[in-house]
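Open the model in your viewer and keep the selection panel at hand. The stops below go one at a time.

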Amino acid sequence: MVTKQQLKGLTADADLRRADSLAREIFSDVANKWALLIIEALGERTLRFSELRDEVEGISHKMLTQNLRMLERNGLVARKVHPTVPPRVEYTLTPPGRDLRIAVDAICGWTHQHLGHIESARGRFDDA
């Protein structure tokens, strides 16, 4: 988290701690499990909707649609419609989306690194 000193000179929209800030809204959008999994699945690839649904196991058609629209609205995913019958729609990460993927990859790495510790902690907690 950023300190108050680091926030001096920034607009109120940049302060994650403010409930009404744009930064908090963006953070809330992208910090959900489906958005993170979609970003990870896209990686450096371009995928069609059905391919994404296959990659992100357990996501419903509705949730995938909502999250792709949100990611596109925030400029993190680009949507390309090919004029075919039926239309072929492809999704790819934009440069800011690829930058965000670096953080998502770090979260995935952290999860893998600490999975054993977390499993043990859960076991102790659940046994108590």
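**Stop 1: the sheet**

Select L47 and look across to β3, where the bridge partner of L47 is Y91. Bear in mind throughout that this is a predicted model.

Pick V81 and find V89 of β3 opposite. Then pick V77, which stands opposite L93 in β3.

Zoom out to the sheet. What is the order of the strands? The 3 strands are arranged β1-β3-β2, in an open sheet with antiparallel pairing. Colour β1 (47-48) and β2 (77-82) as the edges: each has a single partner strand, so one side of each is left without a neighbour in the sheet. As a reminder, strands of a sheet pair through backbone hydrogen bonds, either parallel or antiparallel.

**Stop 2: the hairpin loop**

Follow the chain from β2 to β3. These strands form a hairpin, with 5 residues between them. Select P86, placed in the loop between β2 and β3. Check the peptide bond from V85 to P86: this bond is cis, with omega near -10°. For context, most peptide bonds are trans.

**Stop 3**

Next, show α5 beside α3. How do their axes cross? The axes come within 10 Å and cross at roughly 75°. That makes α3 roughly perpendicular to α5, as angles of 65 to 115 degrees count as such.

Turn on side chains for the contact. From α3, select W34, A35, I38 and I39. From α5, select M63, L64, N67, L68, M70 and L71. By class, this contact has 9 nonpolar residues, 1 polar residue and no charged residues.

**Stop 4: α3 and α6**

Which residues meet here? On the α3 side they are L36, I39 and E40. On the α6 side they are G97, L100, R101, V104, D105 and C108. The class count for the contact of α3 with α6 is 5 nonpolar, 1 polar and 3 charged. I39 is worth a label, being listed in the contact with α5 and in the one with α6.

**Stop 5: the largest pocket**

Finish with a surface view. The largest pocket has a volume of about 210 Å³. Select its lining: R48, F49, S50, T65, L68, R69, E72, R79, P87, R88, V89 and Y91.

Which elements supply at least two lining residues each? They are α4 (49-55), α5 (61-73) and β3 (88-93). The largest share, 4 residues, comes from α5. Colour the lining by class to see 5 nonpolar, 2 polar and 5 charged residues.

Some labels from earlier stops return here. Y91, the bridge partner of L47, is one of the lining residues. V89, opposite V81, is another part of the lining. L68 belongs to the contact of α5 with α3 and also lines the pocket.

Technical notes:
Residues are numbered from 1 along each chain as its sequence is written. This is a predicted model: local features need pLDDT of at least 70, side-chain atom pairs count only at pLDDT 80 or more; totals for chains, interfaces and linings use all residues. Side-chain values use heavy atoms; hydrogens and water are left out. On a 1 Å grid over the protein atoms alone, a cavity is a set of points where a 1.4 Å probe fits but cannot get out, and a pocket is an open set with protein on both sides within 12 Å along at least five of seven lines; lining residues have an atom within 4 Å of a point. Grid points are joined across faces, edges and corners, and a volume is the space filled by probe spheres set on the points. Ala, Val, Leu, Ile, Met, Phe, Trp, Tyr, Cys and Pro count as nonpolar, Asp, Glu, Lys and Arg as charged, and the others, Gly among them, as polar. Two strands pair if DSSP finds at least two bridges between them. Axes are lines fitted to C-alpha atoms, for helices over the stretch in contact, and angles run from 0 to 180 degrees between N-to-C directions. Angles under 35 degrees count as roughly parallel, over 145 as roughly antiparallel, 65 to 115 as roughly perpendicular and the rest as oblique. Contact means heavy atoms within 4.5 Å.
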